[in-house]
Amino acid sequence: MTSTAPTYRIASIPGDGIGTEVVAATIQVIEKLAQTLGTFQIDFTHIPWGTEYYKKCGRYVSEDHLDTLRQFDATLFGAVGDPDVPDHISLWGLLLAIRGPLQLYANVRPVRTFPGTKCPLTTAAKDGIDWVLVRENSEGEYSGQGGRSHIGQPWEAATEVAMFTRVGIERIMRFAFETAQSRPRKLLTVVTKSNSMRNGMVLWDQVAAEVARDFPDVTWDKMLVDAMTIRMVAQPQSVDTIVGTNLHMDILSDLAAALTGSIGVAPSSNLDPTRKSPSLFEPVHGSAFDITGKGVANPVATFWSAAEMLAWLGEKDAAKTFMDCVERVCAAGVLTRDLGGSANTQGVVDAVCAEIEGLSKA
């Protein structure tokens, strides 16, 4: 290890369910990667936020959680959710308590047909799917605006207000156009629902058209969200980069993962493109309590999320090398049960570590 190699301080928040297993697996392989390559050092610090913390302390995170996270270069997150706690409490108590206040407004979910998976679409080309989905992550339908009144009465009322700001729309649009611009096809689809949501979504469309003028080399089009689900299935080769609201892309990104073969290999990044706050990286599969503790969880989505983290930190070559190792392991048939294999979590870890060790002998 050279003395000039940069050191990255990473907050590790395993959270709940299989989150603890896949984060531990990922730390093991990333530390092996850093040791083998010698081009960077990495220091993980465990933070015990999650449902167990909630049961002991009455809250999912510490009171100074934002200041705590700001001390790190990035966060690697596992999952949140527990059968004992309603989902709206756990999600808002942990993950949404981080995303919004730190302005991690760009949620990026790359999806492609991964080695070891099979694209279920007969409409897809031989090589399958290769998309990037960009989700507005700070406002829209998940802004937290609204409330309940007359609780317990027959006329009880609840409101959920979708909030769209020009600032919020413009910054995610610029990020999406830049993402599309960086990809070979330079193609962007803006997902909307402005035919029936005549205020926020009309502003969404208007700002998209304004931002598009600054990216003349990007070909873009607009699709209503319901029509987009059909296009993703019927014409997958017409899609490359997609941008949409918090709710719309939450749904479409899970559909996209299923269409590529498995949500078990789907990563995500919660980014602050201004880099004022540390970004957060997580798999999208959730806590999966039905397999928790059995040692069979698929760690690939977290591996890929960690690779995205390394690339975001400036270690693009290391990230590519890491993913090449993971892909070779999957292509060789070392797969967990969700992908039709028989390997357990540690078996995948051991196989990837062996690939990484082989780098020093090449």
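Biologist: Where does Asp290 lie?
Modeller: Asp290 lies in the loop between strand E12 (279-283) and helix H10; helices (H or I, at least four residues) and strands (E, at least two) are DSSP runs numbered from the N terminus. This is a predicted model, in which local features need pLDDT of at least 70, side-chain atom pairs count only at pLDDT 80 or more, and totals for chains, interfaces and linings use all residues. Residues are numbered from 1 along each chain as its sequence is written, and side-chain values use heavy atoms, with hydrogens and water left out.

Biologist: Is Asp290 buried or exposed?
Modeller: Asp290 counts as exposed, at 58% relative accessibility. Buried means under 20% relative accessible area, exposed over 50%, and partly exposed in between (1.4 Å probe, protein chains only).

Biologist: How far apart are Asp290 and Ile18 in space?
Modeller: Their C-alpha atoms are 9.3 Å apart, although Asp290 and Ile18 are separated by 272 residues in sequence.

Biologist: Turning to H10, how do the axes of H1 and H10 cross?
Modeller: The axes of helix H1 (residues 19-37) and helix H10 (residues 300-312) come within 9 Å and cross at roughly 50°. Axes are lines fitted to C-alpha atoms, for helices over the stretch in contact, and angles run from 0 to 180 degrees between N-to-C directions. H1 is therefore oblique to H10; angles under 35 degrees count as roughly parallel, over 145 as roughly antiparallel, 65 to 115 as roughly perpendicular and the rest as oblique.

Biologist: Which residues of H1 and H10 meet?
Modeller: Val22, Val23, Ala25, Thr26, Val29, Ile30 and Leu33 of H1 meet Thr302, Phe303, Ala306 and Leu310 of H10, where contact means heavy atoms within 4.5 Å. By class, this contact of H1 with H10 has nine nonpolar, two polar and no charged residues. Here Ala, Val, Leu, Ile, Met, Phe, Trp, Tyr, Cys and Pro count as nonpolar, Asp, Glu, Lys and Arg as charged, and the others, Gly among them, as polar.

Biologist: Which residues have the most contacts inside the largest nonpolar core?
Modeller: They are Ile10, Val29, Ile30, Ile42, Phe303, Phe322 and Val352, in a core of 68 residues. A nonpolar core is a set of buried Ala, Val, Leu, Ile, Met, Phe, Trp, Tyr and Cys residues joined through side-chain atoms within 4.5 Å.

Biologist: And what does Phe322 touch?
Modeller: Leaving aside residues up to four places away in sequence, Phe322 touches Val29, Ile30, Leu33, Phe303, Ala307, Val352 and Ile356. Another core, of 19 residues, lies apart from the largest one and includes Trp49, Phe72, Val85 and Ile98.

Biologist: How do H8 and H9 cross?
Modeller: The axes of helix H8 (residues 225-234) and helix H9 (residues 246-260) cross at roughly 10° and come within 11 Å. H8 and H9 are therefore roughly parallel to each other. Val225, Met228, Thr229, Met232 and Val233 of H8 make the contact with His248, Leu252, Leu255, Ala256 and Leu259 of H9. That contact has eight nonpolar, two polar and no charged residues.

Biologist: A change of topic: what is the phi of His150?
Modeller: His150 has a positive phi of about 55°, although it is not a glycine. Most residues other than glycine have a negative phi. His150 sits in the loop between strand E6 (140-149) and strand E7 (157-163), and is partly exposed, with a relative accessible area of 46%.

Biologist: And where is Lys186?
Modeller: Lys186 is in the loop between helix H6 (166-182) and strand E8 (187-192). Its phi is also positive, near 50°, and Lys186 is partly exposed at 28% relative accessible area.
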